[in-house]
Amino acid sequence: MAANALTRQEVGAPPSYEGECIAWLPFVTGPAAPVTIRYELSGDPDAPLLILAGGISADRHVIASEASAACGWWECQATVLSLYRRLAIDWVGADGALDRPIHPEDQARAILLTLDHLGIDRAAVFIGASYGAMTGMQLAAMAPERIGKLLAISAAHRAHPFVSAQRALQRQAVELGERLGGPGAGVALARKIAMLGYRTPEEFADRFKGPPTLADDARVRCGAEAYLDAQGERHAARVSAVAYRRLSESIDLHRIDPARIVIPAVFAAALDDRLIPHEDIADLAARVPDGRFVPLPTRFGHDSFLKEQTLITALLHDFLNSLECDA
């Protein structure tokens, strides 16, 4: 497969394209199985290669490119990211076709299989946020020779027990929806619960200042309820119950010994993150041999890597400028 990918590039393949890698994936839990890994490779072929990965809702389309003109999940960082070659995948299990435990290490191995498929020996950096950062840690530990540096945003070396309990309740909401014949309603409710952890009380206090009101159906509705309903409905329209449950579980399966991350690594933490306490990320950075901790004064909590555009742009600039210093 790798040879075919190289030949395709040599004969003038477009600088940006989407593709599939069908491979046999050895899972951490359970037997190996064939998977279809969907990826997007985009940007200047002569620029340093970035592997990019976001949260469990992210996909292979990071920013608009020749492969797809649509806005990607990190479009607000296009000015920085467009200067580099970019590779991203759809998460294994995101299509709902795989109903089995999926470990972040499985995602890391899927990325390695994609690199092999494309004939790429090494990426300059791995930039991950949330679940993507967990996957980046696993990949750095598994194959440090395949990545130059790691930037991990809003992720620690293991799930916090209190937040794992929250996710367990979200999964119960999904399962309740399935049992009642409304899997989409279960996913929507789970997403609405999750949004309360992704954001902060301070943001909600600013955005939804009005008191609860009595609706026409004689039910009391709070100011944020319409927003949460919209978020839940949008998510349920594109994520199946199986995918939600299995990727949520995958976050809780994440655990890694920081000492195994031997490449240079930067760990950035939103100081108001309710899901990943910044103290946990600071502890992780201190235990990585070549690790550095970067605190981020934010107001959007865990979603700050998506919402704090100026702050994250500066973080990316500083991190990527180090590549030029190393050249």
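Leaving out neighbours within four places in sequence, isoleucine 261 is in contact (heavy atoms within 4.5 Å) with Met137, Ala140, Leu150, Ile256, Phe267, Val288 and Pro289. This is a predicted model: local features need pLDDT of at least 70, side-chain atom pairs count only at pLDDT 80 or more, and totals for chains, interfaces and linings use all residues. Residues are numbered from 1 along each chain as its sequence is written, and side-chain values use heavy atoms, without hydrogens and water.

The largest nonpolar core has 73 residues, and Ile261 is listed with Phe126, Met137, Leu139, Leu150 and Phe267 as having the most contacts inside it. A nonpolar core here is a set of buried Ala, Val, Leu, Ile, Met, Phe, Trp, Tyr and Cys residues joined through side-chain atoms within 4.5 Å. Buried means under 20% relative accessible area, exposed over 50%, and partly exposed in between, with a 1.4 Å probe and protein chains only. Helix α4 (residues 131-142) supplies the largest share of this core, seven residues. A second, separate core has 29 residues, including Ala58, Val80, Val294 and Phe305. In soluble globular proteins, nonpolar side chains tend to be buried together.

Now the whole chain. Twelve helices and ten strands make up its list of elements. These are DSSP runs, numbered from the N terminus: helices are H or I with at least four residues, strands E with at least two. The radius of gyration is 20 Å, close to the 20 Å that the globule rule gives for 327 residues, so the chain is as compact as a globular protein of that length. That radius is taken over C-alpha atoms, and the rule is 2.2 Å times the number of residues to the power 0.38. Along the principal axes, the C-alpha atoms fill a box of roughly 65 × 40 × 40 Å. Of the 327 residues, 54% count as buried. Among contacts between residues at least 6 apart in sequence, 73% join residues at least 24 apart.

Aspartate 280 is found in helix α10 (residues 278-287). Its relative accessibility is 14%, so aspartate 280 counts as buried. Not counting residues up to four places away in sequence, aspartate 280 touches Ala156, His157, Arg158 and His160. Aspartate 121 lies in the loop between α3 (104-118) and β5 (123-129). At 65% relative accessibility, aspartate 121 counts as exposed. Its C-alpha atom is separated by 58 Å from that of valine 220, 99 residues apart along the chain.
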